[in-house]
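Hi everyone, and thanks for making time for this. Could you please bring the sequence and the structure up on your screens?

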Amino acid sequence: MRLFAALIPSRPSLAAALCALRSRAERAHTRMSSSSSLPVAAVCQMTATPDKEANFSAGSRLVEQAKEGGACMVFLPEGLDYIGSSRDETLHLSESLEVTLSAATLTWPGELVSVYRKAHLFDVELTSKGVSLKESAFTIPGPRLVPPVQTPIGKVGLGVCYDLRFPELSSALQRHGAEILTYPSAFTVATGTAHWEVLLRARAIETQCFVLAAAQVGAHHAKRTSFGHALAVDPWGEVIGDCGGSDAGLTLVQIDLQRLRDVRRDMPVQRHRRDDRFYCSLD
Ligand SMILES: O=C(O)CNC(=O)[C@H](CS)NC(=O)CCC(=O)C(=O)O
């Protein structure tokens with residue numbers, strides 16, 4: 001099994017672990033015994049708390065469920081390892097990448113193949129909506145984007161949560177060959193209600209990629225609740241999976257890269273893009 005992680009920097013937690021689950025032999029067996037040969041991805045949501053052991057158990061239950069459902073890739077949310085109830089607790093619970101991985105390997109033995117660290121930090125005060133978070137108080141942004149990773153379902157471009165709001169990032173990943181974008185997230189209820197689905201579908205439509213966004217859902221502690229609705233969107237912008245707004249769980253989606261090629265052939269927006277008009281002075 002291989003692990004792909006999108007990480008929160010300097011609080012080096014396993015924000016997203018994407019696991020290729022099965023051996024080649026097992027996959028061949030499934031292919032022969034099922035009617036469709038399209039690979040299946042599991043997009044998950046859970047409620048992390050400050051209790052790491054409980055979070056890893058919840059994560060491994062989702063991985064087991066995904067495996068039973070025939071998935072060859074599992075997408076887990078930002079803050080999979082924990083969501084702290086204060087800056088101090090968050091810093092106190094942080095571990096080195098090696099330690100976090102070895103905690104994770106209790107259930108997911110594997111080799112780390114790519115690490116992406118969140119570029120945009122959520123320093124936001126929406127007083128009227130009761131949202132006040134200062135991610136930069138416990139996080140250092142990552143230094144660079146990373147190239148999309150070849151996986152059993154296609155080439156995956158890595159972003160994290162708030163990164164979703166910056167189309168320059170998804171556009172860059174698409175130009176570097178991404179077929180699937182992933183945004184493991186922990187969206188607030190207020191901003192999720194207003195923006196989550198629209199942003200994910202917009203990123204899918206603009207880049208003509210699948211967008212798979214695992215999410216946190218429900219109450220992490222007395223002061224923090226997440227929106228949920230872990231979502232899967234196809235390259236036409238259609239929602240093909242939604243985990244809802246209340247419980248932990250997963251959605252299983254087939255990843256049909258022929259569909260992506262058809263959408264890109266029929267509407268070649270990437271070839272129509274007038275970069276000469278955007279990267280120049282306007283006077
Ligand atoms: O650090 C942790 O404990 C887990 N990380 C998070 O929850 C992060 C940073 S506070 N959340 C977001 O980026 C929310 C973005 C959002 O809600 C929006 O863009 O509207």
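First, two housekeeping points. What you see is a predicted model, so local features need pLDDT of at least 70 and side-chain atom pairs count only at pLDDT 80 or more, while totals for chains, interfaces and linings use all residues. Residues are numbered from 1 along each chain as its sequence is written.

Let's begin with the overall layout. The protein chain has 9 helices and 16 strands. Helices (H or I, at least four residues) and strands (E, at least two) are DSSP runs, numbered from the N terminus. Of its 283 residues, 42% count as buried. Buried means that 20 or more other C-beta atoms lie within 10 Å of a residue's own; with 12 or fewer it is exposed, and in between partly exposed, with C-beta atoms placed from the backbone. Two residues are in contact if those backbone-placed C-beta atoms lie within 7 Å. Among contacts in the protein chain with a separation of 6 or more, 74% come from residues 24 or more positions apart.

Now to the core. A nonpolar core is a set of buried Ala, Val, Leu, Ile, Met, Phe, Trp, Tyr and Cys residues joined through C-beta atoms within 7 Å. The largest one has 58 residues, and A41, V43, C44, V74, F75 and A213 touch the most other members. Strand 3 gives this core its largest share, 5 residues. If you click on V43, leaving out residues up to four places away in sequence, you'll find that V43 touches F75, A213, L250 and V253, among others.

Strand 3 also takes us to some pairing. Two strands pair if DSSP finds at least two bridges between them. Strand 3 (residues 40-46) runs parallel to strand 12 (residues 215-221), with 2 bridges, and M46 has Q216 as its bridge partner there. On to strand 13 (residues 224-227): strand 12 pairs with it in the antiparallel sense over 4 bridges. These two strands form a hairpin with 2 residues between them, and A219 stands opposite T225.

In which order do its 6 strands come? The order is 8-9-10-11-14-15, with mixed pairing. Strand 8 (149-151) and strand 15 (239-242) are the edge strands, each pairing on one side only.

Q208 sits in the loop between helix 6 (189-207) and strand 11 (210-213). Q208 has a positive phi of about 55° although it is not a glycine, and it counts as buried because it has 23 C-beta neighbours inside 10 Å. H229, in the loop between strand 13 and strand 14, also has a positive phi, near 55°. H229 is buried, with 22 other C-beta atoms within 10 Å.
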